[in-house]
Amino acid sequence: MAERYPLERVRNIGIIAHIDAGKTTTTERVLYYTGMIHKMGEVHDGAATMDHMVQEQERGITITSAATTTFWMDNQINIIDTPGHIDFTAEVQRSLRVLDGGVVVFDAVAGVEPQSETVWRQADDYDVPRICFVNKMDRTGANYERTMQMVRDRLNGNPLPIQWPIGDGDDFRGIVDLITMEAKVWDTGDLGAEAQLIEIPEDLADTVATAREEMIEALVELDDAVMEAYFEGEEPSVEKIRELVRKGTLDRTFVPFTCGTALRNKGVQPVLDAVVHYLPSPLDVPAVIGINPDTEEEVKLLPEDDGVLAALVFKVVTDPYVGRLSYFRVYSGTFESGSRLINAAKDKKERIGVVVRMFAKDRQNEDIVKAGDIAAVLGLKHTFTGDTLCHPDNPVMLEAIEFPEPVISVSIEPKTTKDQDKMGIALKALGEEDPTFKVVSDQQTGQTVLFGMGELHLEVLVDRMYREFKVEANVGQPRVAYRETITRVVERAEGKFVRQTGGSGQYGHCIVKLEPQEPGAGFEFVNGIKQGILPREFIKPVEEGIKEAMETGIIAGYPMVDIKATLYDGSFHDVDSSEMSFKIAGSYALKDGAEKGGSVLLEPIMAVEVVTPDDYTGDVIGYLSANRGMIDGIELRSDGLQNIKADVPLAEMFGYATKLRSMTQGRGSFSMEFKKYAPLAKNLADEVEKRKK
């Protein structure tokens with residue numbers, strides 16, 4: 001069992017960023033310098049320790065966030081390496097939920113990219129303090145100051161440089177620590193293991209002095225006594241500066257900035273120092289609030305070993321050798337191997353089997369995991385992402401994790417009867433792992449339809465079915481996951497279900513007002529029944545009937561969204577009325593209201609960002625415009641490439657990677673993420689409807 005570190009010396013951090021900014025390479029260096037691995041694996045060789053899935057090694061990207069524990073300066077650091085590709089955004093989201101701090105990695109040439117904005121917003125949502133590492137300072141066009149300016153402009157962040165680069169591009173040698181005023185350079189001969197101290201280069205002296213002065217002026221504002229002393233000519237000590245940087249980081253007044261090049265082994269150790277000095281321990285973050293499911297009362301959960309046990313499962317992985325592995329964070333109390341706990345969300349009992357601490361793909365058994373720590377447990381039967389494990393005598397439920405709805409689908413058919421059985425097992429296992437992956441059986445065609453966040457997401461899932469579960473299947477073309485909504489208020493939507501079959505019959509009758517809601521508002525049901533009009537037991541079935549009818553809409557079988565339904569009238573029969581008859585009446589009312597309410601199909605619109613050499617800008621813009629894209633802006637980057645932003649319907653983006661390659665002779669790249677649902681033009685909606693029929 002690993003030595004138990006005091007909580008103030010534990011850091012739970014995530015390494016988060018845009019795809020290809022160098023997160024996994026940075027993590028490899030961290031593991032090497034902290035002694036966890038003895039040989040650095042490279043992403044471009046498909047040998048990175050943290051990317052242990054075959055699909056990750058082949059594509060050179062991170063798909064699942066891998067957890068690992070390491071040690072630095074007598075501190076325990078639990079690191080989660082998260083994906084940067086937008087298709088796997090749920091991985092970032094669930095990791096941020098359980099982290100105390102983050103290291104945001106930026107590409108020094110590209111600066112703030114679309115997915116950087118997404119993860120930054122997610123970190124803001126979860127109040128995660130962070131430090132930044134501007135990576136790839138050795139590339140032509142690298143610009144530390146420009147990256148910080150982009151963080152101000154695009155992310156509304158407040159960068160505080162605590163380092164300054166010595167050179168850039170091919171001339172990048174190391175950094176000046178603005179706190180200690182030491183200049184450090186790294187020799188490639190020893191893989192960057194030891195920094196050499198040198199004199200601050202003369203041509204940098206003025207720049208560094210100004211940067212340090214600005215840093216101290218920003219810091220002293222946090223402490224009146226220090227500010228007073230500073231303006232009287234007394235400069236704060238190194239310890240006091242670090243204390244103030246930590247204070248400002250924890251309350252998110254600013255974000256400390258560091259720089260280096262992970263691939264060339266320069267500047268990684270100072271990032272580790274910054275993690276220990278400035279990011280929070282579990283003691284520094286606000287207490288988590290849980291709910292007692294029996295009494296609905298709030299329970300304040302402090303990171304105390306003898307507190308009420310509350311552990312949140314934030315990730316489930318199906319391991320082909322050991323079965324299901326559930327990652328969890330203990331917020332309060334002590335989690336013990338062999339104990340009997342309950343899943344508060346489902347009210348199911350779980351016996352805790354083998355508890356393990358992860359070292360990337362290696363694991364070490366643990367008897368206990370205490371408050372503030374992250375580990376994994378094997379063999380849970382009923383517990384999945386977002387569920388809380390607690391003691392039966394002290395039930396407590398933590399807030400679940402909400403995930404975005406999938407926007408794309410493919411149909412899939414097993415090749416043989418044998419594959420049919422295996423496919424069921426595979427889809428169940430993959431669905432348990434990934435909350436953004438949904439499986440639906442299409443009633444009209446009898447096909448199995450998979451829903452996901454993007455083409456790559458579904459491609460990887462199908463590939464895993466083939467490799468890990470040996471399922472041979474035919475996969476259809478990707479399709480857009482449309483939605484449906486109403487466009488106007490319907491004062492009277494009526495649903496009446498009457499059936500007389502001799503003996504007792506069925507009678508349900510409800511009148512509902514339907515109103516369109518703001519995009520993303522979801523479904524809202526209001527009980528506006530005055531006393532006596534309808535018995536209470538028939539209200540819930542009406543709501544269930546409306547919700548069930550919304551699942552298939554009325555135009556082309558797509559789910560309806562963003563509707564408010566107010567039940568305000570109806571009638572019932574003393575003998576013939578039942579919950580089922582009112583449920584059917586509710587579904588009839590929805591269909592009646594949708595027809596009267598100008599129902600329209602909605603399509604997903606993607607925020608697309610294309611990076612291309614200037615020569616091809618016209619072709620790229622022309623193609624996007626011709627395919628219903630709205631150009632948002634064009635920006636010249638420091639490396640001479642053009643950055644084109646546009647809003648484009650997802651339906652027009654299938655196969656875009658291949659088209660962009662041919663348009664730009666392989667030199668263009670793009671990223672996209674879901675932005676919103678918008679009404680689909682009538683002629684295109686008619687085509688979708690025809691295809692469905």
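**View 1. Strand β8 is joined to strand β9 (residues 182-186) by 4 bridges, and the two run antiparallel.** Helices (H or I, at least four residues) and strands (E, at least two) are DSSP runs, numbered from the N terminus, and two strands pair if DSSP finds at least two bridges between them. The model is predicted: local features need pLDDT of at least 70, side-chain atom pairs count only at pLDDT 80 or more, and totals for chains, interfaces and linings use all residues. Residues are numbered from 1 along each chain as its sequence is written, and side-chain values use heavy atoms, with hydrogens and water left out. Strands β8 and β9 form a hairpin with 4 residues between them. In the turn, M181 has a positive phi of about 55 degrees.

**View 2. Strand β7 (residues 163-166) and strand β8 (residues 174-177) run antiparallel and are joined by 4 bridges.** Opposite P165 stands I175 of β8. The bridge partner of I175 in β9 is K184.

**View 3. Helix α8 (residues 238-250) packs against helix α9 (residues 268-278) at an angle of about 75 degrees, with the axes 9 Å apart.** This angle makes α8 roughly perpendicular to α9 (65 to 115 degrees; under 35 is roughly parallel, over 145 roughly antiparallel, and the rest oblique). Axes are lines fitted to C-alpha atoms, for helices over the stretch in contact, and angles run from 0 to 180 degrees between N-to-C directions. The contact (heavy atoms within 4.5 Å) is made by R242, V245, R246, T249 and L250 of α8 and by V276, H277 and Y278 of α9.

**View 4. E635 and R154 form a salt bridge, with the closest N and O atoms 2.6 Å apart.** A salt bridge is a side-chain nitrogen of Lys or Arg within 4 Å of a carboxyl oxygen of Asp or Glu. The pair links distant parts of the chain, 481 residues apart: E635 is in strand β35 (residues 630-636) and R154 in helix α5 (residues 144-155). E635 counts as partly exposed because its relative accessibility is 31% (buried is under 20% relative accessible area, exposed over 50%, partly exposed in between; 1.4 Å probe, protein chains only). R154, at 22%, is likewise partly exposed.

**View 5. The side chains of E472 and K415 meet in a salt bridge of 3.8 Å, N to O.** E472 lies in the loop between α11 (455-469) and β27 (473-475) and K415 in the loop between β24 (408-414) and α10 (417-433), so the pair ties together parts 57 residues apart in sequence.
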